[in-house]
Amino acid sequence: MKIIYHCYGGAHSSVTAASIHLGLLPADHVPGLKAFWEIPFYDRQENDEHGHIFFMGLDKAGNEIFFSACRGRPLVFENIFKSLAGIYKISPEEYLLVDVMKNVNWTMKLGGYLSRRCGFIRIGRPIVTLGTQAAYLQLVDLVRKVIKTIGGHSEENIILQRQQISSRRPGRRNSFRLPAGGERVGRQRIVEPPFYKYKQ
Amino acid sequence: MAGSELWSLPFININNKNEGEIITLGEDGQGNKIFALSVQGDRELINRLIESFLSIFKHAPDDLHIVNIRFRDNGFLLAGRILCRAAFFAPLGRLFVLAGVKKIYGPLSRLVNDQKDGKGKLP
């Protein structure tokens, strides 16, 4: 089964939930700031990667754990995903979309805005991490519900698959593709062709 | 195109709640399945989502082609959309929408014919 945690920017709450699911973060207590910062994808995703579904790892039961960003439009995200699943005749039992945005507090929003949108990482990252700590137990509850929903395996999940992450651009190596616009980040003008053909 | 033909299309009556739903419209002469998707805002995000979907479920990227209908809403369409929000003005709004669609119908059908003939611009 593919489990996709999604939130606004795919940088904090969804990454934290996916990490709890995989056992990268403890489920019994709130970890310290550094524990969050050591997570490969935490506070990393850029605007030009939103929408891309990142693979994070396999849980003990063999479920594939992903996370993504839907920019505050979870309904559109879910509608498109479910429609595509319908077109390709993928059974609803094969995937689970989990909206983590409901557990995001204002501290996380402020810190996330400063760090991701404004680029003030030194100020924003500690703030968003404090917010994540405040929302942590709610995220643990959410993950417990997800695990219960998918058939309930042990909470003592271990990560079975973890790839090497670049220290300069964390997160990119685990992706199926590079972000749009190559190595450039931030706002860019996108001139779309009238005909879009997917390329690998 | 008559008004009744336009309003019988499934896509024309879509509301905000089912934004993002992909509507199956049928098959063309070559057996290609035709779908319609209406999403406001950043289309790159949607492209990335679809591309990722195909990737994680191991479907060929060539399986799906997205044609971006780049025509912006003209004045008639905008006015029609606003008027259709109020039930009282909806009939008038529909007239505006019809006029708006008629205005872009020529270039729209040229775009569709180009795609059918394989003349669509590739990135």
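In this predicted model, helix H3 (residues 74-87) of chain A lies across strand E1 (2-7) and strand E4 of chain A, and runs at about 175 degrees to E4(A). Contact here means that the C-beta atoms of two residues, placed from the backbone, lie within 7 Å; axes are lines fitted to C-alpha atoms, for helices over the stretch in contact, with angles from 0 to 180 degrees between N-to-C directions. Helices (H or I, at least four residues) and strands (E, at least two) are DSSP runs, numbered from the N terminus.

E1(A) and E4(A) belong to an open sheet of 4 strands with mixed pairing, in the order E2-E3-E1-E4. Strands E2 (54-58) and E4 (95-99) of chain A form its edges, each pairing on one side only, and the twist from one strand to the next averages 25 degrees. Two strands pair if DSSP finds at least two bridges between them. E2(A) and strand E3 (residues 64-69) of chain A are antiparallel and share 4 bridges; Gly57(A) sits opposite Ile65(A) of E3(A).

Among contacts in chain A with a separation of 6 or more, 72% join residues 24 or more positions apart.

Chain B has 4 helices and 3 strands, in the order α-β-β-α-β-α-α. Here 14% of the 123 residues are buried, and residues 24 or more positions apart make 29% of the contacts with a separation of 6 or more.

Residues are numbered from 1 along each chain as its sequence is written, and chains are lettered from A and ligands numbered from 1 in the order in which they are written. Local features need pLDDT of at least 70 and side-chain atom pairs count only at pLDDT 80 or more, while totals for chains, interfaces and linings use all residues.

Definitions and conventions:
A residue is buried if 20 or more other C-beta atoms lie within 10 Å of its own, exposed if 12 or fewer, and partly exposed in between; C-beta atoms are placed from the backbone.
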